[in-house]
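Here is a short report on pockets and on one strand with its neighbours.

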Amino acid sequence: MGYGAKMKCVADIVYDPTHDLALDLYMPDDLRAEACIIYAHGGGFRRGARHHVEAAHFAKRLTAQNFAVASVSYRLATPIEAFDQDDQDLIKAYMIRSKKVGLSMSDNLYGSAFIAAMEDVSKAMEYLWVEGSGLGIRSRKVGILGVSAGGIAGLSLAYPPMHWADRVVRPEAVVSICGAMVQPWRLEPDGPPCLMLHGPRDRIIHLGNVQLAAARAEQVEAPVTLINTGVPGHSTQVDAALDGKDEAGRPYIDVILNHFAQLQDTA
């Protein structure tokens, strides 16, 4: 596939005035797109920004195939006190259950900051549903491409925590790069298709955490696929996704594009 097409960026579109959250919308050069993919950055739900250089790298590849890409901000380091008491109790219970099923990563990646980020990415999807047509996006179908923490948020929106299932909206498809499903028990056969790219010797999110979801997906026949890139490390998975190839010689970026191709089926 060629990636030489130009793109344009409409920056600082506020999608949630309450929390002063905005998105940068990357569009094909003619400012019309078949569907939209939300890019959710990494940073452990404590840091990171929507305008990180990798957002533009992915946007260049995706807009060349007539996707719009919305790189979104979300709340960072949200303390549990930001939630009411009932939600605090639920979040604590979720965290205990995640540990019991074998999750072995920092608490920061599946606690209150994770829930807040998940809520915010959901609000960005709702904004794009309402405003997308006026922004030049043909379809209301929205996918999520998330890196690390962004991948966690995306996967959890595809299969949301039970008590958030009626509060958030679900994407049509998700690609997670070096992220993980923190509530694998939520997987079900009729959920959105998800693709997880991960590698060995990841000190932030060990591959075993991702394999939990892959095993559960196989058990319940959920449309969730794990690709082990064989590339060691955490942030190195971004380079693998952009420029690497699988054992059959297929560029991973083409695998990602193929996964999102359903979004452009507007029939």
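Ala, Val, Leu, Ile, Met, Phe, Trp, Tyr, Cys and Pro count as nonpolar, Asp, Glu, Lys and Arg as charged, and the others, Gly among them, as polar. By these classes, the lining of the largest pocket divides into 5 nonpolar, 9 polar and 2 charged residues.

The model is predicted: local features need pLDDT of at least 70, side-chain atom pairs pLDDT 80 or more, while totals for chains, interfaces and linings use all residues. Residues are numbered from 1 along each chain as its sequence is written, and side-chain values use heavy atoms, without hydrogens and water.

A pocket is an open set of 1 Å grid points where a 1.4 Å probe fits, with protein on both sides within 12 Å along at least five of seven lines; lining residues have an atom within 4 Å of a point. Volume is the space filled by probe spheres set on the points.

| Pocket | Volume | Lining |
|---|---|---|
| Largest | about 280 Å³ | 16 residues |

Gly42, Gly43, Glu54, Val147 and Ser148 lie nearest the centre of the largest pocket.

Now the strand. Helices (H or I, at least four residues) and strands (E, at least two) are DSSP runs, numbered from the N terminus. In E3 (residues 35-40), 6 of 6 residues are buried, meaning under 20% relative accessible area. E3 runs parallel to E4 (residues 67-72), joined by 6 bridges; Ala40 partners Val72.

Key: Buried < 20%, exposed > 50% of the residue type's maximum accessible area, 1.4 Å probe, protein only. Pairing = 2+ DSSP bridges.
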